[in-house]
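Please read the numbered points with the sequence and the model in view.

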2 protein chains.
Amino acid sequence: MRISPGEHDPNLIAALDHLLSSGGKRIRPALVLLSAGMLNADRDHAITLAASVEMLHTATLVHDDLIDGASLRRGIPTINATLGPGATVLTGDYIFARAAYLAAEIGEQALMKIFARTLMTIVNGEISQMYANSKSDAGIPDYLERIYAKTASLFEVATEGAAILSDIDEDAVAVMKSFGYNIGMAFQIVDDVLDFTADEERLGKPAANDLRQGLITLPVLYFLSTASDQENLRHKITTQQCDEDELSEIVSAIRSSKAIDKALDQAQEFITTGISLLKMMPANQERAALYELADHIINRST
Amino acid sequence: MRISPGEHDPNLIAALDHLLSSGGKRIRPALVLLSAGMLNADRDHAITLAASVEMLHTATLVHDDLIDGASLRRGIPTINATLGPGATVLTGDYIFARAAYLAAEIGEQALMKIFARTLMTIVNGEISQMYANSKSDAGIPDYLERIYAKTASLFEVATEGAAILSDIDEDAVAVMKSFGYNIGMAFQIVDDVLDFTADEERLGKPAANDLRQGLITLPVLYFLSTASDQENLRHKITTQQCDEDELSEIVSAIRSSKAIDKALDQAQEFITTGISLLKMMPANQERAALYELADHIINRST
């Protein structure tokens, strides 16, 4: 009579299949596995952590699609678009629970705590973002805070978590956490740049999607800082009052401005810091792969 | 720059205040604290577990309000009605995270696992329920499975969790888990009966709310089993085709039928089983209070 966690509703299985078939970059689990390998952590625990981190990430994406009303994610229709808001909430909740269960299976209290704390940080950041659209004077510090909550916090869990699974001392765990933080910040800045520079087909979502939603990212902030009608333009963007022609015009202007390069320079700074932290770690094959991963983050085209 | 879990967005705080000011019965934390007291478990851990269990419960209610489109909960407007779906999803997610964090703080792996597993059970049950409305032949076993997932599973966590925090052996932990299961099943059946028998003001939500939503509960199942046009009536209810007059008629018919007493008899059976399990536990003041709590579950009017 009782439902065991192994007995899933067929509709839930269909929703999960839909989600997992859409791929994604799997950069967070790669980060866990490489960091754990570099630090000689228990491999089974590392695999469990990698799955848990990716599921936590996926769960937040599922709920984001409901919040944003997005119809496409990774190039395929969202659960929200196909099954509606109720199923979306529940699918996200289920993946959260599964992620927490995996994290609990490892049996490291410290890990469980950073896991739960990160979910709080991510959600708190999203709530701030939801209300920040009406905040007209948000600047670079607000932006950095937001992308920390949205992205870098989970990169931190990936690298700090892997470090916790190994035998390294507290200071080295802090270094690994900071490595995750830095490449996570870079990752999100590049993501925000790609929203302007990548073509729609490769990205799997409409170009300048953030701008359409009234979201001010780093390229926009740099662009606005040199624009003549700054106040007015910012107001039109955040209140989503631009029509398609105006949006195209802004996107073109940003693309041909120095804002893109300035944003990429900022991302490169984070990568450089991350790499210098990584130098303190054991020199082995996995560390070399982490260098490559950091390099890929800044040089990727999707 | 980084958001710590202690620095909350003011809008989140407002949403949480709104939620916590609405009261509720707090029966789950009471169950944790009394069970832990009876078994001489660590008091600080018991308080943390009690808060965690209540927050897990609250988070599921917040998301339920979005799924059901409910405008009232505990007599006050839902977050969904006041702040919209995005804020509702995120508020629920935040409370989940906070609940997981509290559970992690206790530092008992077994507890963390049952906590995460229960969230999976609850969500899986809700997904089944979402699609079950189209399932026209759902009977008593389906109903019992649903209320286990919805309610009794969390009562189990309350009593099993408290038992895990104490020094009792595995068999006794299983007895406590079963005690929670039985009074949880009774609690939900009584809730489903009260949806028909309690008046709207005391209940804090519209009467026959479940019926309006096409949800077949135990009183309805017993009523249908003796109704002449059973198939037709069930179809009209589950497809939500009844107008207000028809709904009033069905409610009156159920109220004056034997269905209510039969459902309460079933609830009493669960309570009796629960009490007989409780007899195996140490005879002290807290056990006496748990007897009273079990008695209150069957005799309450809200």
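1. Helices, as named in this note, are DSSP runs of H or I with at least four residues, numbered from the N terminus. In that sense Ala174(A) has its place in helix α8 of chain A. The model is a predicted one, and every remark that follows should be read accordingly.

2. Overall form of chain A. The chain contains 15 helices and 2 strands. A compact globule of 302 residues would have a radius of gyration near 19 Å, and the 20 Å of chain A agrees with this. Along the principal axes, the C-alpha atoms of chain A fill a box of roughly 55 × 55 × 30 Å. Of the 302 residues, 47% count as buried. Among the contacts in chain A with a separation of 6 or more, 73% are made by residues 24 or more positions apart.

3. Relation of the two chains.

4. Helix α8 of chain A, residues 170-197. Two of its residues may be set side by side. Phe196(A), in this helix, counts as buried because 23 C-beta neighbours lie inside 10 Å. Ala174(A) has 13 such neighbours inside 10 Å and therefore counts as partly exposed. Beyond its neighbours within four places in sequence, Phe196(A) is in contact with Ala208(A), Pro219(A), Val251(A), Ile254(A), Arg255(A) and Ile260(A). Two C-alpha separations may also be noted: Phe196(A) and Ala263(A), 67 residues apart along the chain, are separated by 12 Å, while Ala174(A) and Thr226(A), 52 residues apart along the chain, are separated by 38 Å.

5. Leu19(A). This residue lies in helix α1 of chain A. With 22 C-beta neighbours inside 10 Å, Leu19(A) counts as buried. Leaving aside neighbours within four places in sequence, its contacts are Thr58(A), Val62(A) and Ile79(A). Leu19(A) and Ile76(A) stand 57 residues apart in sequence and 9.0 Å apart in space, C-alpha to C-alpha.

6. Helix α14 of chain B. This helix covers residues 259-278, and its 20 residues reach 29 Å from the first C-alpha to the last, close to the 28 Å expected at 1.5 Å a residue. Which residues of α14(B) are buried? They are Ala259(B), Ala263(B), Gln266(B), Ala267(B), Phe270(B), Ile271(B), Gly274(B), Leu277(B) and Leu278(B). Seen down the axis of α14(B), the buried residues fall within an arc of 140°, so they line one face of the helix. Asp265(B) and Ser276(B), on the other side of α14(B), are exposed. The partners against which the buried residues pack are α8 (170-197), α11 (218-226), α13 (244-256) and α15 (285-299) of chain B.

7. A backbone angle to check. Most residues other than glycine have a negative phi. Gln240(A), however, has a phi near 55°, a positive value in a residue other than glycine. Gln240(A) lies in the loop between α12 (230-238) and α13 (244-255) of chain A, and is partly exposed, with 13 other C-beta atoms within 10 Å. For Gln240(B), phi is likewise near 55°. Gln240(B) is found in the loop between α12 (230-238) and α13 of chain B, and counts as partly exposed with 13 C-beta neighbours inside 10 Å.

How values were computed: Residues numbered from 1 in each chain as written. Chains lettered and ligands numbered in written order. Predicted model: local features only at pLDDT ≥ 70, side-chain atom pairs only at ≥ 80, totals over all residues. Buried ≥ 20, exposed ≤ 12 C-beta atoms within 10 Å, placed from the backbone. Contact = placed C-beta atoms within 7 Å. Expected span 1.5 Å × (residues − 1). Arc of directions from axis to C-beta. Rg over C-alpha atoms; globule rule 2.2 N^0.38 Å.
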